[in-house]
There are 2 protein chains.
Amino acid sequence: MSDLFTRTVFFVSDGTGITAETLGHSLLAQFPNTRFHQVRMPFVDDVDKARDCARQIVDSERNTGLRPIVFSSLVNPEAIAALREARDSALFLDLFERFIEPLEIELGQHQSHEIGRFHGVAESNDYKKRIEAINFAMTHDDGVSTSEDLVTADVILVGVSRSGKTPTSLYLAMQFGVKAANYPLIPEDFERNKLPGELHSFRGKLFGLTIAPERLSQIRQERRPNSHYASLENCQYEIEAAQKLMRRENIRWLDSTAKSIEEISATIMQNVRTEADF
Amino acid sequence: MSDLFTRTVFFVSDGTGITAETLGHSLLAQFPNTRFHQVRMPFVDDVDKARDCARQIVDSERNTGLRPIVFSSLVNPEAIAALREARDSALFLDLFERFIEPLEIELGQHQSHEIGRFHGVAESNDYKKRIEAINFAMTHDDGVSTSEDLVTADVILVGVSRSGKTPTSLYLAMQFGVKAANYPLIPEDFERNKLPGELHSFRGKLFGLTIAPERLSQIRQERRPNSHYASLENCQYEIEAAQKLMRRENIRWLDSTAKSIEEISATIMQNVRTEADF
């Protein structure tokens, strides 16, 4: 039975390979009983490199006795032809081949055949916005913001320490170009049962993260073992107080416990904006 | 001519929609003469939500007079059927449909039909590694590392201030789960023409970033206008000295000037590792 063996997967791209890898991972996740060994082959932007990939694919079949799976996003027709010299040794899944033709028909245009346009556009406004947003997230982490800074934020995340605010801010910046500041809710806020003063004028931008106390305690233990900060009792107190505060202040929030930063970010984006032009 | 108008693109997913969006952007970048308006529809995980999407797609065609393009990564067959009620109003490109069948045949298994397995696995080791790497990048930014910290780094980026080290470290962490510390090269290093002392034992992990002086000056001007720091003269001096130092110390480096953080990171990954299991 082939599913008892590790299957080799090649991601071949003339750019970074990130598109091929993202789609490949999503597809292969539908086959949880198979283990995969991935080989990244980015920047395959000429015929020689494509031919070299073809050789490695043929070798892989020979060495493992199993046909590798090849996700390819090459756009240069000669490079594609060179890669296809290995066609008898692998299952080829070409990301562009399947979709470009219907798009050409629908849009009444031919594809440009330009390599890696999406990932290559370091000069584009979209890209500049992402880098600015990353810098913003870095400099407005952990409550380090003045009111003037917060005016330019798209989102302000609030929640207790270690509820997932920092990685979420960075992901929002990197993936969506969204400027996210974040603010910890701390015992002083709970005692007053009020938001930090700076946040009062920005209610529309606030988004809360909460987390199960058990999980929070576990995360904090890794950081400061056996501290009051990490104790389950304190985590229960902080979470309860934070939720009470967010409810009182009418802040939208979600539970990050079993969610990835991708899921948290996609949920926040639904509240920020769902449309964009490109 | 349809390409004079903005085309609406729907990204419909039962998970975050990031896979559909990534592939969609790569494909549509092949049609640079068309402007696209994107609508994200994540978390479409039941028939009702899929039916609601179908309605929005039909409305979009009616309102714009142009068939929208729909990238869908739904896996639930009933939800797919409900979405397809809009089939006459749009071009449907289904990410899974085209590729799952050949994979089922190749692997001798049926797909699991589990929703968003890749992005949903907040509990997986792979995911934990990414979050750890993000925390590592945050706490080891800008030279804030001891030798003990650097032992656990996968990569240490070096380069002058604003050469792209910080966003690259974060991207390496987020996308690849790679722990990247970064170290600025500063005038004191150039005067001594030596690496910062902490780095000597970690030569194998060092990767340099350089940048065109004009571009560096431009970036620094935005940060500190009219400063010596941002002057073209100083940028030329620093870049020249940094390159001299990296050459002397035999550090691999690349020019980040016209590269995105995706491209820089994919290049660094070729030097770190190209293979992984999942």
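Begin by selecting A:Pro213, A:Glu214, A:Leu216, A:Ser217 and A:Arg220 in α10(A), together with A:Leu232, A:Cys235, A:Gln236 and A:Ile239 in α11(A): these two groups of residues meet. Residues are in contact here if their C-beta atoms, placed from the backbone, lie within 7 Å. By class, this contact of α10(A) with α11(A) has 5 nonpolar, 2 polar and 2 charged residues. Ala, Val, Leu, Ile, Met, Phe, Trp, Tyr, Cys and Pro count as nonpolar, Asp, Glu, Lys and Arg as charged, and the others, Gly among them, as polar.

The model is predicted, and local features need pLDDT of at least 70, side-chain atom pairs count only at pLDDT 80 or more, and totals for chains, interfaces and linings use all residues. Residues are numbered from 1 along each chain as its sequence is written, while chains are lettered from A and ligands numbered from 1 in the order in which they are written.

**The helix pair in chain A**

Now display the whole of α10 (residues 213–223) and α11 (residues 232–248) of chain A, whose axes come within 8 Å and cross at roughly 125°. Helices (H or I, at least four residues) and strands (E, at least two) are DSSP runs, numbered from the N terminus. Axes are lines fitted to C-alpha atoms, for helices over the stretch in contact, and angles run from 0 to 180 degrees between N-to-C directions. The angle makes α10(A) oblique to α11(A); angles under 35 degrees count as roughly parallel, over 145 as roughly antiparallel, 65 to 115 as roughly perpendicular and the rest as oblique. α10(A) and α11(A) form a right-handed crossing. A crossing is left-handed if the near helix is turned anticlockwise from the far one by less than a right angle, and right-handed if clockwise.

**The sheet in chain A**

Next, select the strands of chain A that form an open sheet of 4 strands, in the order β6-β5-β7-β8 with parallel pairing. Two strands pair if DSSP finds at least two bridges between them. At the edges stand β6 (180–184) and β8 (253–255) of chain A, each with a single partner strand, so one side of each has no neighbour in the sheet. On average, neighbouring strands of this sheet are turned by 25° against each other, direction ignored.

Zoom in on β7 (residues 206–210) of chain A, which pairs with β8(A) in the parallel sense over 3 bridges. A:Gly208 has A:Trp253 in β8(A) as its bridge partner.

**The sheet in chain B**

Move to chain B, where an open sheet of 4 strands has the order β6-β5-β7-β8 and parallel pairing. Its edge strands are β6 (180–184) and β8 (253–255) of chain B, each pairing on one side only. From one strand to the next, the twist averages 25°. Select β7 (residues 206–210) of chain B: this strand and β8(B) pair in the parallel sense over 3 bridges. B:Leu254 in β8(B) is the bridge partner of B:Leu209.

Then show α6 (residues 125–139) beside α8 (residues 165–176) of chain B; the two pack at an angle of about 165°, with their axes 7 Å apart. They are therefore roughly antiparallel to each other, and α6(B) passes α8(B) in a right-handed crossing. Among the residues that meet are B:Arg130 and B:Phe136 in α6(B) and B:Leu170 and B:Met174 in α8(B). This contact has 7 nonpolar, 1 polar and 1 charged residues.

Select α12 (residues 261–272) of chain B next: α8(B) and α12(B) pack at an angle of about 70°, with their axes 9 Å apart. These helices are therefore roughly perpendicular to each other, and their crossing is right-handed. Including B:Tyr171 and B:Phe176 in α8(B), the meeting residues also take in B:Glu262 and B:Ile268 in α12(B). By class, the contact has 8 nonpolar, 3 polar and 1 charged residues.

**Where the chains meet**

Finally, show both chains. The contact takes 71 residues from chain B and 71 residues from chain A. On the side of chain B that touches chain A, the residues divide into 35 nonpolar, 24 polar and 12 charged. Of the interface residues of chain B, 100% are also interface residues in chain A, so the copies meet through the same surface.

Chain B can be laid on chain A with an RMSD of 0.0 Å by a turn of 180° and a shift of 0.0 Å along the axis. That is the relation of a two-fold axis. Copies are superposed by least squares on the C-alpha atoms of residues with pLDDT of at least 70 in both.
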